Amino acid sequence: MELWLREQHTEGYSVSWKIKEIFYQKQTPYQHLAIVEFYDLGRALVLDGIVQTTEKDEYIYHEMIAHVPMFSLRQVETVLVIGGGDGGTVREVLKHTGVKKVVLAEIDEDVINACRQYLPVTAACLSDPRVELAIGDGIKYVEQQQAAFDLIIVDSSDPIGPAEPLFGSKFYQLVKRALKPGGAVVAQTESPLFYPQAFQRAVQAMRENFTYVKPYLTAIPSYVGGFWTFTMASDSELKPSWPETLPFSNRYYTPEVHQAAFALPPFVAEIV
Ligand code: AG3
């Protein structure tokens with residue numbers, strides 16, 4: 001018997017993934033959660049039928065959401081990751097030895113537990129002593145923080161379901177208060193091809209709250225359309241700097257890739 005996941009994107013466009021094995025499936029209080037193994041792309045986390053991360057290309061997303069802001073800030077000791085229960089973003093943040101504490105605010109504990117068990121490539125890092133888990137609503141968590149973090153990373157799913165409020169201005173107002181002076185926020189801001197309104201809404205929300213707002217673009221093969229945007233924002237100018245050689249190795253991120261990511265094709269630039 002053949003088993004396929006059909007990821008439906010529009011009325012007329014869907015992408016199909018052939019499944020080798022289903023490791024875990026559950027309807028959690030927040031969403032449908034599955035960890036599967038695809039032919040060719042390896043294991044993957046799937047939420048509400050949308051592929052969130054695959055072993056084949058997770059490093060592209062996680063390196064770009066973490067290292068672009070990390071190398072744009074002078075000193076980062078405390079980081080908050082909102083969402084990102086698979087742990088991939090935390091793993092990349094922890095590569096920076098100056099980091100003292102990473103809080104992972106994930107609403108759905110089942111995501112963390114399932115990834116710990118079946119997706120160690122991203123989740124093994126969650127046992128690092130610098131990691132603190134805050135299970136619950138990321139917005140409520142941020143609301144309770146004041147000048148507490150150098151960097152806040154919004155590693156959310158699409159703005160349908162539990163991640164919807166993470167694309168609005170009210171959320172970024174709270175983020176601003178939770179950041180230390182000179183701190184920054186970065187968020188995954190969706191596909192410029194398939195979800196341009198979500199991209200626009202997030203960038204707008206950041207502009208309403210921060211002086212410097214910088215969208216950047218990466219190719220993520222397993223996300224719809226391939227193009228993916230991230231947006232970084234701060235009240236300090238974000239100027240990247242790197243040591244002569246990076247203190248750790250990556251599979252995607254380099255200083256050149258970092259700089260190139262800010263070159264926006266006109267069809268992307270005109271959305272924001
Ligand atoms: N977070 C971003 C997933 C967005 C994917 N959306 C889509 N393909 N329509 C993924 C979590 C990785 N840590």
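The questions and answers below concern the domains, pockets and salt bridges of this predicted model.

Student: Into which domains is the protein divided?
Tutor: The centres of the two parts, taken over C-alpha atoms, are separated by 22 Å. The division gives domain 1 (3-54) and domain 2 (58-269).

Student: How many residues of domain 1 are in contact with domain 2?
Tutor: A contact requires heavy atoms within 4.5 Å. On the side of domain 2, 19 residues take part. On the side of domain 1, the number is 22 residues.

Student: What area do domain 1 and domain 2 bury between them?
Tutor: The size of an interface is often given as the accessible area lost when the parts come together. Carbon and sulfur atoms hold 62% of the area buried here. Between them, domain 1 and domain 2 bury about 1900 Å².

Student: How many salt bridges cross the interface of domain 1 and domain 2?
Tutor: The rule requires a side-chain nitrogen of Lys or Arg within 4 Å of a carboxyl oxygen of Asp or Glu. Applied across the interface of domain 1 and domain 2, the rule finds 1 salt bridge.

Student: Which element supplies the largest share of the lining of the largest pocket?
Tutor: Several elements each supply at least two residues, among them β1 (3-10), α1 (58-70) and β5 (50-54). By class, the lining has 18 nonpolar, 12 polar and 7 charged residues. The largest share is 3 residues, and it comes from β5.

Student: Which residues are closest to the centre of the second largest pocket?
Tutor: The second largest pocket holds about 270 Å³ of space. It is lined by 14 residues, of which 6 are nonpolar, 5 polar and 3 charged. Closest to its centre are Met70, Phe71, Arg74, His96 and Gly98.

Student: How many residues apart in sequence are the parts that Arg91 and Glu58 tie together?
Tutor: Arg91 and Glu58 form a salt bridge, with their closest N and O atoms 2.7 Å apart. Arg91 belongs to helix α2 (residues 88-94) and Glu58 to helix α1, so the pair ties together parts whose separation in sequence is 33 residues.

Key
Residues are numbered from 1 along each chain as its sequence is written. This is a predicted model: local features need pLDDT of at least 70, side-chain atom pairs count only at pLDDT 80 or more; totals for chains, interfaces and linings use all residues. Side-chain values use heavy atoms; hydrogens and water are left out. Helices (H or I, at least four residues) and strands (E, at least two) are DSSP runs, numbered from the N terminus. Ala, Val, Leu, Ile, Met, Phe, Trp, Tyr, Cys and Pro count as nonpolar, Asp, Glu, Lys and Arg as charged, and the others, Gly among them, as polar. On a 1 Å grid over the protein atoms alone, a cavity is a set of points where a 1.4 Å probe fits but cannot get out, and a pocket is an open set with protein on both sides within 12 Å along at least five of seven lines; lining residues have an atom within 4 Å of a point. Grid points are joined across faces, edges and corners, and a volume is the space filled by probe spheres set on the points. Domain bounds come from an automatic or database domain assignment. Buried area is the accessible area (1.4 Å probe) that two parts lose on being put together, summed over both.
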